[in-house]
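Subject: Handover of a structure and findings

Dear colleague,

Please find the structure below.

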Amino acid sequence: MTAAAVLACGAWGLTAAALRWNSAERAGLFYLSLGTGVLLGVMSAGALLLGPFAAAMDPVAHVYPATVWLLAWWGVFHLGLGLVMQTYCLARRWAGRMTGKYDIDIRNVLLYWHFAGGTVLVIVGVTVAFPLLS
(Lines give C-alpha, C1' and ligand atoms only; values in the text may rest on other atoms or scores of the structure.)
Protein backbone atom coordinates (compact mmCIF):
# COMPACT_ATOMS: atom_id res chain seq x y z
CA MET A 1 0.00 0.00 0.00
CA THR A 2 2.95 2.29 0.45
CA ALA A 3 3.41 2.24 -3.33
CA ALA A 4 -0.12 3.63 -3.65
CA ALA A 5 0.87 6.66 -1.59
CA VAL A 6 4.04 7.23 -3.61
CA LEU A 7 2.16 6.92 -6.91
CA ALA A 8 -0.65 9.21 -5.73
CA CYS A 9 1.91 11.82 -4.65
CA GLY A 10 3.49 11.52 -8.09
CA ALA A 11 0.15 12.14 -9.79
CA TRP A 12 -0.48 15.05 -7.45
CA GLY A 13 2.93 16.58 -8.16
CA LEU A 14 2.60 16.10 -11.91
CA THR A 15 -0.77 17.88 -11.81
CA ALA A 16 0.95 20.82 -10.11
CA ALA A 17 3.66 20.72 -12.78
CA ALA A 18 0.99 20.65 -15.49
CA LEU A 19 -0.45 23.88 -14.09
CA ARG A 20 2.96 25.52 -14.28
CA TRP A 21 3.57 24.23 -17.84
CA ASN A 22 0.12 25.39 -18.91
CA SER A 23 0.72 28.86 -17.46
CA ALA A 24 4.02 29.01 -19.37
CA GLU A 25 2.20 27.97 -22.60
CA ARG A 26 4.36 24.84 -22.87
CA ALA A 27 1.67 22.54 -24.26
CA GLY A 28 3.95 19.57 -24.90
CA LEU A 29 5.23 19.49 -21.33
CA PHE A 30 1.67 20.05 -20.07
CA TYR A 31 0.45 16.97 -21.96
CA LEU A 32 3.44 14.92 -20.84
CA SER A 33 3.12 15.79 -17.17
CA LEU A 34 -0.66 15.49 -16.95
CA GLY A 35 -0.75 12.34 -19.07
CA THR A 36 1.88 10.75 -16.84
CA GLY A 37 -0.11 11.95 -13.84
CA VAL A 38 -3.15 10.08 -15.15
CA LEU A 39 -1.06 6.93 -15.56
CA LEU A 40 0.33 7.22 -12.02
CA GLY A 41 -3.17 7.80 -10.67
CA VAL A 42 -4.43 4.62 -12.29
CA MET A 43 -1.46 2.71 -10.90
CA SER A 44 -2.09 4.19 -7.45
CA ALA A 45 -5.71 3.04 -7.51
CA GLY A 46 -4.57 -0.44 -8.48
CA ALA A 47 -1.98 -0.49 -5.70
CA LEU A 48 -4.61 0.59 -3.16
CA LEU A 49 -6.74 -2.41 -4.05
CA LEU A 50 -3.81 -4.77 -4.37
CA GLY A 51 -2.77 -4.20 -0.75
CA PRO A 52 -5.72 -5.85 1.01
CA PHE A 53 -6.13 -8.37 -1.82
CA ALA A 54 -2.51 -9.54 -1.57
CA ALA A 55 -2.86 -9.75 2.21
CA ALA A 56 -5.88 -12.04 1.69
CA MET A 57 -8.09 -9.82 3.82
CA ASP A 58 -11.62 -11.18 3.86
CA PRO A 59 -13.99 -8.22 4.35
CA VAL A 60 -16.67 -10.42 5.94
CA ALA A 61 -14.35 -12.14 8.43
CA HIS A 62 -13.80 -9.25 10.82
CA VAL A 63 -14.34 -5.53 11.15
CA TYR A 64 -10.65 -4.65 10.58
CA PRO A 65 -10.34 -6.18 7.07
CA ALA A 66 -13.75 -4.73 6.21
CA THR A 67 -12.51 -1.28 7.27
CA VAL A 68 -9.31 -1.65 5.25
CA TRP A 69 -11.30 -2.64 2.15
CA LEU A 70 -13.70 0.27 2.69
CA LEU A 71 -10.84 2.74 3.00
CA ALA A 72 -9.15 1.30 -0.08
CA TRP A 73 -12.32 1.65 -2.15
CA TRP A 74 -12.84 5.17 -0.73
CA GLY A 75 -9.39 6.12 -1.98
CA VAL A 76 -9.99 4.50 -5.37
CA PHE A 77 -13.25 6.43 -5.72
CA HIS A 78 -11.53 9.76 -5.09
CA LEU A 79 -8.59 8.89 -7.31
CA GLY A 80 -11.07 7.99 -10.05
CA LEU A 81 -12.73 11.39 -9.76
CA GLY A 82 -9.32 13.03 -9.98
CA LEU A 83 -8.48 10.99 -13.07
CA VAL A 84 -11.68 12.12 -14.78
CA MET A 85 -10.77 15.72 -13.95
CA GLN A 86 -7.23 15.35 -15.28
CA THR A 87 -8.51 13.79 -18.49
CA TYR A 88 -11.01 16.63 -18.84
CA CYS A 89 -8.15 19.14 -18.63
CA LEU A 90 -6.20 17.25 -21.28
CA ALA A 91 -9.24 17.40 -23.57
CA ARG A 92 -9.87 21.10 -22.82
CA ARG A 93 -6.29 22.02 -23.68
CA TRP A 94 -6.36 19.90 -26.84
CA ALA A 95 -9.63 21.58 -27.93
CA GLY A 96 -8.13 25.03 -27.36
CA ARG A 97 -10.53 25.84 -24.52
CA MET A 98 -7.82 26.08 -21.88
CA THR A 99 -4.81 28.35 -22.29
CA GLY A 100 -2.18 29.86 -20.05
CA LYS A 101 -4.47 32.83 -19.46
CA TYR A 102 -7.75 30.92 -19.13
CA ASP A 103 -6.70 28.09 -16.85
CA ILE A 104 -9.28 27.82 -14.09
CA ASP A 105 -9.93 24.19 -15.05
CA ILE A 106 -6.45 22.95 -14.20
CA ARG A 107 -6.32 25.20 -11.13
CA ASN A 108 -9.50 23.63 -9.76
CA VAL A 109 -8.27 20.15 -10.61
CA LEU A 110 -5.06 20.81 -8.68
CA LEU A 111 -7.14 21.94 -5.70
CA TYR A 112 -9.02 18.65 -5.87
CA TRP A 113 -5.74 16.71 -6.09
CA HIS A 114 -4.61 18.38 -2.86
CA PHE A 115 -7.60 16.64 -1.29
CA ALA A 116 -7.27 13.34 -3.19
CA GLY A 117 -3.53 13.02 -2.58
CA GLY A 118 -3.95 13.86 1.09
CA THR A 119 -6.77 11.34 1.35
CA VAL A 120 -4.60 8.55 -0.03
CA LEU A 121 -1.76 9.52 2.30
CA VAL A 122 -4.08 9.31 5.31
CA ILE A 123 -5.59 6.01 4.15
CA VAL A 124 -2.18 4.43 3.64
CA GLY A 125 -0.88 5.89 6.89
CA VAL A 126 -3.80 4.51 8.87
CA THR A 127 -3.86 1.08 7.27
CA VAL A 128 -0.10 0.58 7.44
CA ALA A 129 0.65 2.20 10.82
CA PHE A 130 -2.42 1.15 12.82
CA PRO A 131 -1.47 -2.54 13.13
CA LEU A 132 1.96 -1.49 14.40
CA LEU A 133 0.34 0.24 17.41
CA SER A 134 -1.02 -2.94 18.91
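Is Tyr31 buried, partly exposed or exposed? Tyr31 is partly exposed, as its relative accessible area is 29%. In these terms, buried stands for a relative accessible area under 20%, exposed for over 50%, and partly exposed for what lies in between, with a 1.4 Å probe and protein chains only.

Please note that this is a predicted model, in which local features need pLDDT of at least 70 and side-chain atom pairs count only at pLDDT 80 or more, whereas totals for chains, interfaces and linings use all residues. Residues are numbered from 1 along each chain as its sequence is written, and side-chain values use heavy atoms, with hydrogens and water left out.

The overall picture

The protein contains four helices and zero strands, and its elements follow the order α-α-α-α from the N terminus. Helices (H or I, at least four residues) and strands (E, at least two) are DSSP runs, numbered from the N terminus. Along the principal axes, the C-alpha atoms occupy a box of roughly 55 × 25 × 20 Å. Of the 134 residues in the protein, 41% are buried. The accessible surface amounts to about 7,200 Å², and carbon and sulfur atoms account for 76% of it. Accessible areas come from the Shrake-Rupley method with a 1.4 Å probe, and for residues only the protein chains shown count as cover.

A contact means heavy atoms within 4.5 Å. Among the contacts with a separation of 6 or more, 76% are between residues 24 or more positions apart.

Phe30 and its surroundings

Three aromatic pairs are found in a search of the whole structure. The pair of Phe30 and Tyr31 is edge-to-face, because the ring centres are 5.5 Å apart and the planes stand at 65°. For such a pair, the rings of Phe, Tyr and Trp (its six-membered ring) must have their centres within 6.5 Å; planes under 30 degrees apart count as stacked, over 60 as edge-to-face and the rest as tilted.

Phe30 lies in helix 2 (residues 27-54) and is buried, with a relative accessible area of 0%. The charged end of Arg93 sits over the ring of Phe30, 5.9 Å from the ring centre. This description requires NZ of Lys or CZ of Arg to be within 6 Å of the ring centre and within 35 degrees of the ring normal. Apart from neighbours within four places in sequence, Phe30 is in contact with several residues, including Ala18, Trp21, Asn22, Cys89 and Arg93.

Where is Asn22 found? Asn22 belongs to helix 1 (residues 2-23), and it is buried at a relative accessible area of 0%. Not counting residues up to four places away in sequence, Asn22 touches Phe30, Arg93, Met98, Thr99, Gly100, Asp103 and Ile106.

Ser33 is part of helix 2. Ser33 is also buried, with a relative accessible area of 5%. Once neighbours within four places in sequence are set aside, Ser33 is in contact with Leu14, Ala17, Ala18 and Trp21.

Two loop residues

Most residues other than glycine have a negative phi. Glu25, in the loop between helix 1 and helix 2, has a positive phi near 60°. Glu25 is partly exposed, at 45% relative accessibility. Ala56 likewise has a positive phi, of about 55°, and is placed in the loop between helix 2 and helix 3 (63-94). Ala56 is exposed, with a relative accessible area of 63%.

The surface

Which residues form a nonpolar patch on the surface? Val122, Val126, Phe130 and Leu133 do, with about 430 Å² of accessible area together. Patches are made of residues with over 30% relative accessible area and no salt bridge, where like charges are joined within 9 Å and nonpolar side chains (Val, Leu, Ile, Met, Phe, Trp, Tyr) within 5 Å. A salt bridge is a side-chain nitrogen of Lys or Arg within 4 Å of a carboxyl oxygen of Asp or Glu. Leu133 is found in helix 4 (residues 104-133) and is exposed, with a relative accessible area of 72%.

Yours sincerely
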